Amino acid sequence: MPFTADAIAAQQVQERLKTLYQLVHDTEKKRQQSEHGINAILKTQNSQEERSSQHYQIKLKGLYKNAIAYTEQEEDVLRKALQKITEIRNIKNERRIQTRHTVNKETIRRGPWMKMLLSSAQTLPLFVGKIGERPPPLCGAIPADSNYVAKVGDMVAALVKVADGDGDCILAEVVSFNHTTNKYEVDDILEEQNQKTRHTLSKRRVIPLPLMRANPETDPSALFPQGTVVMALYPQTTCFYNAIVNKLPGTHLDEYEVIFEDPSYPEGYSPPLGVAQRYVIAVKQKSKQT
C-alpha cells in the first residue's frame with residue numbers, strides 16, 4: 001500500500017527529530033569539553049609557581065586553543081540543530097499548503113486563528129549570524145531584494161481594493177506568482193477558511209513579510225528606529241495600518257511597541273500596543289506624525 005501524504009510528512013519529521021535528538025547530545029558533549037578546557041585554564045592560572053616559566057606559557061596557549069576549538073564545534077552543532085528545526089517547520093508548512101483545497105477542511109474560529117498567527121510570529125526563526133555577518137534581506141526590518149518573489153504559502157501584506165473603492169492592506173498568503181504578468185494570486189489569511197475569492201495583484205501591491213527575527217542585542221541595525229512610520233498589524237485583526245514605532249524590542253522575545261493612527265481617539269493615535277516583528281513592515285507613502 002502506498003504511503004499517504006500525511007504518512008510521508010510524518011516520516012520526514014521523525015527522521016529530522018532523530019537527527020535533532022542526536023545533535024542535542026552532541027551539543028552537550030561539546031559543551032562539557034569546552035567547560036573542561038576553561039576549567040583547565042583557570043586551574044593553570046592559579047598555579048603561581050609556574051607563571052613565569054616558558055612551559056607555562058606554551059601550556060596556557062594550548063589550553064586556550066583547545067577551548068576555542070571546542071566552543072566553535074559546539075556552535076557548529078547548534079547551527080545544525082537550528083537547521084533541522086527549520087526543516088521541520090518547512091515540512092509542516094508544505095503539508096498545510098497541500099491540504100489547502102481539501103473539501104472537508106475544518107473551519108477555524110477567529111479567536112484560535114489569531115492565536116495561531118501570534119504563535120507563527122513568535123516561533124519565526126531567529127537570525128544568529130557569525131562574527132561580522134550582516135543580517136540578510138527579510139530579517140527584521142531589512143526589506144526584500146527588488147527582484148525577490150515570495151514563495152507559495154508565504155505570508156505577505158497585500159493592498160487590495162474593497163467595495164467602497166478604498167484600499168485595505170491585509171495579511172494574505174501567496175497562492176502563485178505569474179512571471180509573465182508579474183502578478184501574484186493571494187488569499188486573505190483569515191477569509192481563506194471560508195473559501196473567499198482570491199485576489200490577483202501586481203507585484204508592487206504585495207510586500208513580503210520577514211522570514212527571520214532580528215536579535216536586538218546583536219543586530220540592532222535590523223530593527224526600525226524609534227519614531228519610524230511603519231505599517232503594522234493591528235492586534236486581533238488581519239489588517240495593516242499606519243503606526244509609529246514607540247519602543248523597540250529589548251530582546252529577541254519582545255515585540256515592538258507602536259502607536260497606531262486612529263481617529264477614534266481624541267489625540268488621533270492609539271495607546272502603545274505590542275506587535276511582533278513579523279507584522280511590522282516599511283511604509284512608502286507619507287504619513288502624518290506626532
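User: Which residues of helix 3 are buried?

Analyst: This is a predicted model, in which local features need pLDDT of at least 70, side-chain atom pairs count only at pLDDT 80 or more, and totals for chains, interfaces and linings use all residues. Residues are numbered from 1 along each chain as its sequence is written, and side-chain values use heavy atoms, with hydrogens and water left out. Buried means under 20% relative accessible area, exposed means over 50%, and partly exposed lies in between (1.4 Å probe, protein chains only), while helices (H or I, at least four residues) and strands (E, at least two) are DSSP runs, numbered from the N terminus. With these cut-offs, the buried residues of helix 3 are Trp 113, Met 114, Leu 117, Ser 120 and Ala 121.

User: Within what arc do the buried residues of helix 3 fall, seen down its axis?

Analyst: An α-helix has 3.6 residues a turn, so residues three or four places apart point the same way. The arc is taken from the directions that lead from the helix axis to the C-beta atoms. The buried residues of helix 3 line one face of the helix, because they fall within an arc of 120 degrees.

User: In what order do the elements of the protein run from the N terminus on?

Analyst: The protein has three helices and ten strands. Read from the N terminus on, these elements follow the order α-α-α-β-β-β-β-β-β-β-β-β-β.

User: With which residues is Phe 240 in contact, leaving aside its neighbours within four places in sequence?

Analyst: Phe 240 is one of the core residues that touch the most other members, and contact here means heavy atoms within 4.5 Å. Leaving aside neighbours within four places in sequence, the contacts of Phe 240 are Ala 157, Cys 169, Ile 170, Leu 171, Leu 209, Met 231, Ala 232, Leu 233, Tyr 279 and Ile 281.

User: Which residue in strand 5 stands opposite Val 156?

Analyst: Strand 1 is mostly covered, since five of its seven residues are buried. Two strands pair if DSSP finds at least two bridges between them, and strand 1 pairs with strand 2 in the antiparallel sense over seven bridges. Three bridges also join strand 1 to strand 5 (residues 206-208), and these two run antiparallel. In strand 5, the residue that stands opposite Val 156 is Pro 208.

User: What is the separation of the C-alpha atoms of Leu 23 and Lys 84?

Analyst: Leu 23 lies in helix 1 (residues 5-45) and counts as buried because its relative accessibility is 10%. Not counting residues up to four places away in sequence, Leu 23 touches Val 77, Lys 80, Ala 81 and Lys 84. Although Leu 23 and Lys 84 are 61 residues apart along the chain, the separation of their C-alpha atoms is 9.5 Å.

User: Is Arg 110 buried, partly exposed or exposed?

Analyst: Arg 110 is found in helix 3 and touches Leu 190, Gln 236 and Thr 237, not counting residues up to four places away in sequence. Because its relative accessibility is 43%, Arg 110 counts as partly exposed.

User: What is the relative accessible area of Leu 138?

Analyst: Leu 138 is found in the loop between helix 3 and strand 1, and its phi is near 65 degrees, a positive value in a residue other than glycine. Leu 138 is buried, because its relative accessible area is 5%.

Notes. A nonpolar core is a set of buried Ala, Val, Leu, Ile, Met, Phe, Trp, Tyr and Cys residues joined through side-chain atoms within 4.5 Å.
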